[in-house]
Amino acid sequence: TKYITTGLTVESFQSRDAVYAAQKGSGALLLIAEGYVTGKVYEYLASKRPIIAITDGKDLIEMMNKSGAGECVSPSDPATIAATLLDFFETGEGISKRDENYIKRFERRIITGELAGLFDELIAPAK
């Protein structure tokens with residue numbers, strides 16, 4: 001089911017695969033976050049699309065700055081939010097200067113490997 005209101009489309013539940021496909025096909029992704037880094041951030045990084053994050057969260061701002069994956073704008077600054085969105089859509093260019101080496105460290109396989117290494121250290125006999 002789709003609900004369309006003045007340029008905004010709200011869709012009903014979508015499968016995870018459909019959501020990932022939509023993210024990867026987007027020109028940019030809008031992330032509205034209260035300040036902490038959520039799982040959605042990692043999904044957005046994996047999509048390799050530019051991210052426009054509306055947040056005041058220090059950790060998220062730091063992650064976005066280090067990753068080069070997009071721009072952060074304060075939710076208390078609507079003029080800058082509008083300017084950032086307009087600039088992106090007027091130029092048609094990505095706002096992203098991604099640091100793939102930094103972003104790669106958040107891949108599930110790498111994080112899982114690090115966790116497995118920690119478990120190995122915990123159960124390894126003392127030398």
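This is a predicted model: local features need pLDDT of at least 70, side-chain atom pairs count only at pLDDT 80 or more; totals for chains, interfaces and linings use all residues.
1. Strands S4 (51–54) and S5 (70–73) run in the parallel sense and pair over 4 bridges. Between them the chain passes through H3, giving a β-α-β crossover that is right-handed.

2. Next, have a look at helix H2, residues 39–47. Its buried residues are Val41, Glu43, Tyr44, Leu45 and Ser47. These pack against several elements: helices H1 (16–24), H3 (58–67) and H5 (100–104), along with strands S3 (29–32) and S4.

3. Glu43 deserves a moment of your time, as a buried residue of H2. Leaving aside residues up to four places away in sequence, Glu43 touches Arg16, Tyr20 and Gln23. With Gln23 there is also a side-chain polar contact of 3.4 Å.

4. Now for the largest nonpolar core, which has 15 residues. Leu31, Val41, Leu45, Ile51, Leu60 and Met63 have the most contacts inside this core. At least two of its residues come from each of S3, H2, S4, H3 and H5. In soluble globular proteins, nonpolar side chains tend to be buried together.

5. Not counting residues up to four places away in sequence, Leu31 touches Lys40, Val41, Tyr44, Ile51, Ile52, Ala53, Ile54 and Leu60.

Terms used
Residues are numbered from 1 along each chain as its sequence is written. Side-chain values use heavy atoms; hydrogens and water are left out. Buried means under 20% relative accessible area, exposed over 50%, partly exposed in between (1.4 Å probe, protein chains only). Contact means heavy atoms within 4.5 Å. A polar contact is a pair of N or O atoms within 3.5 Å; within protein, one must be able to donate a hydrogen and the other to accept it, and residues adjacent in sequence count only if both atoms are side-chain atoms. Two strands pair if DSSP finds at least two bridges between them. A crossover is right-handed if, with the strands pointing away from the viewer, the path from the first strand over the helix to the second runs clockwise. A nonpolar core is a set of buried Ala, Val, Leu, Ile, Met, Phe, Trp, Tyr and Cys residues joined through side-chain atoms within 4.5 Å.
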